[in-house]
Structures are given as structure tokens and as C-alpha cells.
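I opened the model to look up two things.

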Amino acid sequence: MADAITLQRLEGEIRTLRESEQQHRLLFQANPNPMWLYDPESLRFLDVNEVALSRYGYSREEFLAMTLRDIRPEDALEELDNAIRDTALTGSNTHAVRHRSSDGQIIHAIVTGSTIPFHGRAARLVTVVDITERRNLEEKLLRSQRLEAVGQLTSGIAHDFNNLLMVIQGNAELMEAALADNAPLREDSREIVQAARRAESLIRHLLAFSRKQVMELRVLDLNALIGEVESVFTRILRADIEVVTVLDPSIPAVEADPGQIHQVLMNLVVNARDAMPHGGTLTIESAPTELTATEAAGFPYTVQPGGYVRLSVSDTGVGMTSEVQRQLFEPFFTTKQPGAGTGLGLSTVYGIVKQSGGYIWVRSALGEGTTFDVYLPAVRGRPDAEVRTTSTVEPRTRRDVVLVVEDDRSLRTLFRKVLERAGHTVLEAANGLEALRIVEQFDQRLHIVITDVVMPVMGGQELAERLVARNPELEVVFISGYGEAEAGCRASLGDRCHFVHKPIGAEELLARLHEID
């Protein structure tokens, strides 16, 4: 009787154990996260759930033939050794890891492990929380923040450099004009002027990257524009580089500045040429593209879904590492030898594309060439016709009373000297509030106000609006290196608003003033 009771108890315990094992296996397989069991001594996998098979891309047989080391990248094996050592001391642990799927993709994860009995021996049960998507989103945000911070820095540098450049160029022009044709210093002053004008291109690059440059938007046929630029390629490409164009005739129009899109194409072509020192194939493609929300999420930074025209420039050159790709669009970053480039070409491309409302990214690998994909928003409507106009405005000969409002003293002094030498009466102010006080005390009619847009105390636009309200015939000339300032002044002042882009030389400033009716 006692033996029968003992046998029933044993059968009940076995049945309970089997039910418990079935419940644990159900939980193991039904868990939404990858899970596995491994031998803590050999690190060989003992069991794995279906989610892990799906995420890592291995069959069950392949998984059970591997160890923990086989799913770690080569540079993460030391991390694994440290984790195993910590596990021996603490038992349970949770830490961040990098795994590798069957296709080589890096999986970022948080793993939690604990020791449990398995078929009469100790095993480690691991639960994996995949944070790859979260890490990618964090990297997108950090990349955007870094580029935005660099853009703000370069914008400030460009603004200050613009002012210095105008002072240098303007005073050199005044010196050159004051010297006799055979004066020894005349050639020196001309060299200063030429150097200052060359420096203007650096300013434009910096403003392009920071998305502050002036843009003249038009509705464009991108294929036609590519055709125009293609004729220039022969002058910059070597004979050992073949050019292939694959242009889709069905692409919609885009809205952009044609001159700046020319610059984008030329920079990408030059970059492709330099990546093929021994020759190769340069391919330029255009295609209509509809980015879905899923496709947009796959980009390395935030992209809005919608209709685009994709412009791709590909080469069969040396390619680049992922580390180089991460820094590629930052100003002054270059892989070329010292003196072979400024490192501003691709940062300029980035700024132009972003300011045009588009996106750019690169696909590359060492030895496999490089492709730059530019996405410009598609627009409805027909491309604008080319309009060429010739100014017929006669230079003004009258002597005006001009108010110069500029917080940079050196620049203000330069404007005064230039205008006085041209016969104008000049009033000076360091900011808008000071300018209002000067105008109130001045008993003659004011004809023109030349003002910076961004100034302390009171900005140029507010000043101009107040002055025009008092004198509707007043002409206002805004001088700024920032493109967005022009739209604001034209919206508030209409035809009374004249915009001059920094940097500007003394002669050009006078020419622009003489064009005012």
C-alpha cells in the first residue's frame, strides 16, 4: 500500500514537472524578445526561441552549432570576455552588447542573463531587448544636432568675416583709386582686392553649409540643367573617366536656385573624379521617387515622406569607410593631402540641398565606389523660362543725404569714406535707436538709409519701417550676408527695399546706389 502511494506521488511530481516544463517552454517560445540558453563553460547554445531565429537570421541547426562568440563582432570579443568574468562573480547581470546577424548587420541590444537548471546541469538563460532602432534614431538626432551646431558656428564666423573682408577690400579699392597709374603701391593694392574677392568664395561656402545664403528660387527641369552642366565635364574630367547619364524624362519639376544646383553637380563630379585616380565610370541619374514613411525612416536622419526627384552621382572609385561617411558633410573635413582642398565642397553641397528643402546621403564601401543621392522635393508646374535682362538705369548724378547704420565701426567708417568721396552727405549711427535720434535732430531731407539687418538695441527692419512711415519717399538699402533677411524687408517695404549681399566692394556699393530711382 505504501509503495503504491509513493508511486502515485512520484507520478504526480513527474506530471507536475512536465507541465511546468511545458509552461516554461511556452513562455520561452511566446516571448516577444529573442531568448536563448547557453552552456556557461563552452558558451555553446543549448536552446533558442523562434524570435531569435527570425531576428538573427539563422536556422535552429545553425544556431545550436554556434557559441556566443560567433554572434559577436570581432571588436566586441573583449567585451564578451569581461561580461563572462563579471557573470562568474555576480550570477545575474544586465548590460548593453553588440551582436551580429547572419547577414553581418550589427544588432544593438540590452541582454539580461540568469543561471537556471537545464537537464541536470547549470545553464544561462538570456533575454535580449533589441534597441537597434532606438540607437539609430539617437544617432540621427546626434548627427543632426552636430551639423546644426556647426552650422550656427560657421554662420557666425561668416558674418564677422564678411565685415572684415568688406573693410579690407573697400579700403584697398579706395587706396588703388587714389594712386597714380604708375605708382608702385598700385599693384600691391590690386593684389589685396583680388585676394579679398577670392575669399568671397569661402564665405559663400560657409553660408551655404549654414543654410544662410541668398537663393533665387525657380521652377527647374533638372534634366535640362544636368545637360547644361554636362558640357562642362569635359574640361574637368580626365580621358580615362567615362561619363554615363541615365535621365528619366518623366521626372517632375523641382524648385531650386539653378546656379546653386550647378554648384552641387560640379562639386559631386569633382569629388567623383578625385575618387577615381586610375580612371573609371561616372554615372549621373535622375528619377522620380515617392518616399513612403517606412522608406523615409530608413534614412540616417529625419526625412519627410513625399514626392521627390532623385539625383544620383556615382563613381567606381576607391570608396570610403563608415567613419569617413559620418564626417563627410562637416566643414573643413577632407581626406585629401594638405593643400589639395579646403574641405568645403561637400559641406557646401549639404547646405544647398538642405536649404532647397531636400536631403542628401552617401552610399559607399571601401573598394566598391560611392553614390551620392540627392532628393529634391517635386513641385507642380512648368519650369520657368530663362529670363535675361539688361539694366538700362542711368547712374544718378545728384548728391544725396545718406544715413549709414552699422554696428561694426570699421565698416561704418568705410561706407562713410566711399560715399563722401562720391559727393554724398553722410550721417552715421551704430544702431537703430541712435539712428532715430540723429534723424529727429537733422533738419534736411534724408534720401537713402543704408542699414545692416541684425544689430543690437534695434534691428534694421524695424528702423526702416519707422523711417519710411515718416518719409514715404525714403529709399532703404539693406546690407546682409543672410539670404532670409531679404524676404522680410521686401514684405514690409515693397519697392522701397533694396538688398545688397555681403561682401560688397566700394565700387559695387556705389553702382547699386546709382541704380536707385
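**Notebook: patch and sheet**

I started with leucine 164. The relative accessibility of leucine 164 is 52%, so I logged this residue as exposed. The cut-off for exposed is over 50%. I kept in mind that the model is predicted.

Next I asked where leucine 164 sits. Leucine 164 lies in helix α5. I then looked for a surface patch around this residue. Leu164 forms a nonpolar patch on the surface with Ile168, Met175 and Ile192. Together the four have about 340 Å² of accessible area. Which helix gives the most to the nonpolar patch? I found that helix α5, residues 132–178, does, with three residues.

Then I turned to the sheet. I traced an open sheet of five strands, and I read the order as β14-β13-β15-β16-β17. The pairing is parallel. I noted β14 (425–429) and β17 (497–501) as the edge strands, since each pairs on one side only. Neighbouring strands of this sheet are turned by 20° against each other on average, with direction ignored.

I checked one pair in detail. Strand β13 (residues 401–405) and strand β15 (residues 448–452) run parallel, and four bridges join them. The bridge partner of leucine 403 is valine 449, in β15.

Last, I looked for a helix against the sheet. Which strands does helix α12 touch? Helix α12 (residues 409–421) packs on the sheet and touches β13, β14, β15 and β16 (475–480). I noted an angle of about 170° between the direction of helix α12 and that of β14.

Terms used:
Residues numbered from 1 in each chain as written. Predicted model: local features only at pLDDT ≥ 70, side-chain atom pairs only at ≥ 80, totals over all residues. Heavy atoms only, no water. Patch = residues over 30% accessible without salt bridge, like charges linked within 9 Å, V, L, I, M, F, W, Y side chains within 5 Å. Areas by Shrake-Rupley, 256 points an atom, 1.4 Å probe, with all protein chains shown as cover. Salt bridge = Lys/Arg side-chain N within 4 Å of Asp/Glu carboxyl O. Helix = DSSP H or I, 4+ residues; strand = E, 2+ residues; numbered from the N terminus. Buried < 20%, exposed > 50% of the residue type's maximum accessible area, 1.4 Å probe, protein only. Pairing = 2+ DSSP bridges. Axes fitted to C-alpha atoms, helices over the stretch in contact; angles between N-to-C directions. Contact = heavy atoms within 4.5 Å.
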